[in-house]
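Please open the structure in a viewer and keep the selection tool at hand.

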Amino acid sequence: MSTSLPDVISEGVDPARVPVRRLASGATMPAIGLGTFGSDRNPPEAIANAVRGAAAVGYRHFDCASVYGNEDAIGPAFEDIIAGGVPREELWITSKVWNDRHHEIAASCEQSLADLRLDYLDLFLVHWPFPNYHPPGCDVDARSPDAKPYIHEAFMRTWRQMEALVDRGIVRHIGTSNVTIPKLKLILHDARTRPAVNEMELHPHFQQPALFDYVRAQGIAPVGYCPIGSPHRPERDRTPDDTSPIQDPVILDIAARHGVHPALVCLKWAVQRGQTPIPFSTNPRNFLANLRAVTEDPLSADEMTEIAGIDRNCRLIKGQVFLWKEGQTWEDLWDVTGEVTPP
Ligand SMILES: NC(=O)c1ccc[n+]([C@@H]2O[C@H](COP(=O)([O-])OP(=O)(O)OC[C@H]3O[C@@H](n4cnc5c(N)ncnc54)[C@H](OP(=O)(O)O)[C@@H]3O)[C@@H](O)[C@H]2O)c1
């Protein structure tokens with residue numbers, strides 16, 4: 001059941017109590033953020049209101065992207081939040097360049113800044129490592145005739161433009177998203193400015209232990225998307241074999257022990273494990289509960305071990321639309337052989 005903001009605002013969390021991640025730069029990033037992808041079902045204004053409400057109850061970290069189609073609605077929310085007394089330096093705002101603009105990074109970033117009504121971004125990510133355009137909301141069977149594989153030299157041309165944004169001071173940190181260990185090794189070898197963050201799918205049924213450990217060993221902070229298993233993701237992002245972490249008996253059992261919704265167990269696990277979850281919600285009761293969950297009543301070491309044991313290697317966001325030639329399967333996008341999949 002949806003609850004209005006005035007009902008929950010008095011239960012808000014002091015932002016100083018929210019755990020933070022210290023990045024290689026020395027900057028701190030709140031260890032939980034609000035996602036802003038509306039999954040084709042939440043209009044921009046609803047998400048802008050969720051951003052306002054989330055800031056009012058103590059969120060300081062927001063995960064945006066140009067492709068979510070709502071940055072121009074969220075911008076006025078950030079203006080209100082700052083005008084209402086939250087210093088800009090207390091906010092951590094991420095945006096991402098979409099795949100059709102890898103060749104014009106500065107223009108994409110400037111557009112996001114204008115839409116979000118900001119002077120700088122805390123973090124700017126290359127949303128996917130494939131420069132493939134497909135229309136937002138298209139079916140998983142859709143293929144772009146211009147689709148390209150990961151070509152490292154092309155990616156580095158994009159990355160040089162990302163580095164230039166840091167030099168200009170309009171972006172404080174840059175990062176990757178949806179990369180694999182083989183791709184990240186190449187990027188780290190050639191980067192002048194290293195990625196501060198890698199955004200990746202992470203939930204109890206998709207723990208990605210090898211990538212998670214590699215990223216952290218490289219001093220890169222893992223940010224976890226779909227932390228609850230994205231229960232309302234678009235139909236096009238569902239396959240019959242998908243599993244749901246919030247229906248897992250182990251999660252349900254731990255949730256019952258703590259007297260909370262299973263979503264909150266996923267978030268406690270995420271923050272205690274060392275990643276930064278970015279759960280989406282437009283429901284004030286839910287987004288407040290998500291923030292509170294990571295500031296109180298932690299999971300025990302035994303519970304953390306129990307959850308480590310339920311990984312199903314179940315990737316929900318498979319990226320089929322990025323496939324670049326006939327006869328491929330989505331696994332080809334994720335370099336499962338340990339090498340970058342050849343063109
Ligand atoms: N880098 C990338 O390629 C990438 C890919 C996917 C997503 N993302 C980012 O990650 C964010 C999160 O992923 P997501 O939105 O797909 O999935 P998610 O956060 O795992 O799930 C969001 C869903 O869970 C529900 N929910 C949230 N809190 C709840 C609670 N306490 N109890 C019950 N239900 C709850 C929400 O419904 P209500 O609104 O009803 O609460 C919402 O529909 C996105 O919004 C986006 O910012 C990035």
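The model is a predicted one, in which local features need pLDDT of at least 70 and side-chain atom pairs count only at pLDDT 80 or more, while totals for chains, interfaces and linings use all residues. Residues are numbered from 1 along each chain as its sequence is written.

Helices (H or I, at least four residues) and strands (E, at least two) are DSSP runs, numbered from the N terminus.

Keep α10 selected. Nine of its 10 residues are buried, and the helix is thus described as mostly covered. A residue is buried if 20 or more other C-beta atoms lie within 10 Å of its own, exposed if 12 or fewer, and partly exposed in between, with C-beta atoms placed from the backbone. The buried residues of α10 are Pro-284, Asn-286, Phe-287, Leu-288, Ala-289, Asn-290, Leu-291, Arg-292 and Ala-293. Among the elements that cover them are α1 (5–8), β3 (34–35), α2 (44–56) and α9. Contact here requires that the C-beta atoms of two residues, placed from the backbone, lie within 7 Å.

Next, turn to the largest nonpolar core, which has 85 residues. Such a core is a set of buried Ala, Val, Leu, Ile, Met, Phe, Trp, Tyr and Cys residues joined through C-beta atoms within 7 Å. Val-51, Ile-74, Phe-124 and Leu-267 have the most contacts inside it. Its largest share, eight residues, comes from α9. In soluble globular proteins, nonpolar side chains tend to be buried together.

Leu-267 touches Ile-32, Pro-227, Pro-277, Pro-279, Asn-290, Ala-293 and Val-294, leaving aside residues up to four places away in sequence. Phe-124 lies in strand β6 (residues 121–126) and counts as buried because it has 27 C-beta neighbours inside 10 Å. With residues up to four places away again left aside, Phe-124 touches Ser-95, Val-97, Cys-109, Met-162, Leu-165, Val-171 and Ile-174.

Now select helix α3 (residues 71–83) together with helix α4 (residues 105–116). They pack at an angle of about 50°, with their axes 6 Å apart. Axes are lines fitted to C-alpha atoms, for helices over the stretch in contact, and angles run from 0 to 180 degrees between N-to-C directions. The two helices α3 and α4 are therefore oblique to each other; angles under 35 degrees count as roughly parallel, over 145 as roughly antiparallel, 65 to 115 as roughly perpendicular and the rest as oblique. From α3 the contact draws on Glu-71, Asp-72, Ile-74, Gly-75 and Phe-78, and from α4 on Ser-112, Asp-115 and Leu-116. These residues divide into three nonpolar, two polar and three charged.

On α4, also select Gln-111. With 17 C-beta neighbours inside 10 Å, Gln-111 counts as partly exposed. Its C-alpha atom is separated by 9.4 Å from that of Asp-72, 39 residues apart along the chain.

Beyond α3, find Gly-85 in the loop between α3 and β5 (92–97). Is Gly-85 buried or exposed? Gly-85 is exposed, because 7 other C-beta atoms lie within 10 Å.

The last stops concern backbone angles. Most residues other than glycine have a negative phi. Asn-178, in the loop between β7 (171–177) and α6 (181–190), has a positive phi of about 60° although it is not a glycine. Asn-178 is buried, with 21 other C-beta atoms within 10 Å. Finally, select Asp-335, in the segment after α11 (301–308). Phi of Asp-335 is also positive, near 50°, and Asp-335 is partly exposed, with 17 other C-beta atoms within 10 Å.

Note on methods: Ala, Val, Leu, Ile, Met, Phe, Trp, Tyr, Cys and Pro count as nonpolar, Asp, Glu, Lys and Arg as charged, and the others, Gly among them, as polar.
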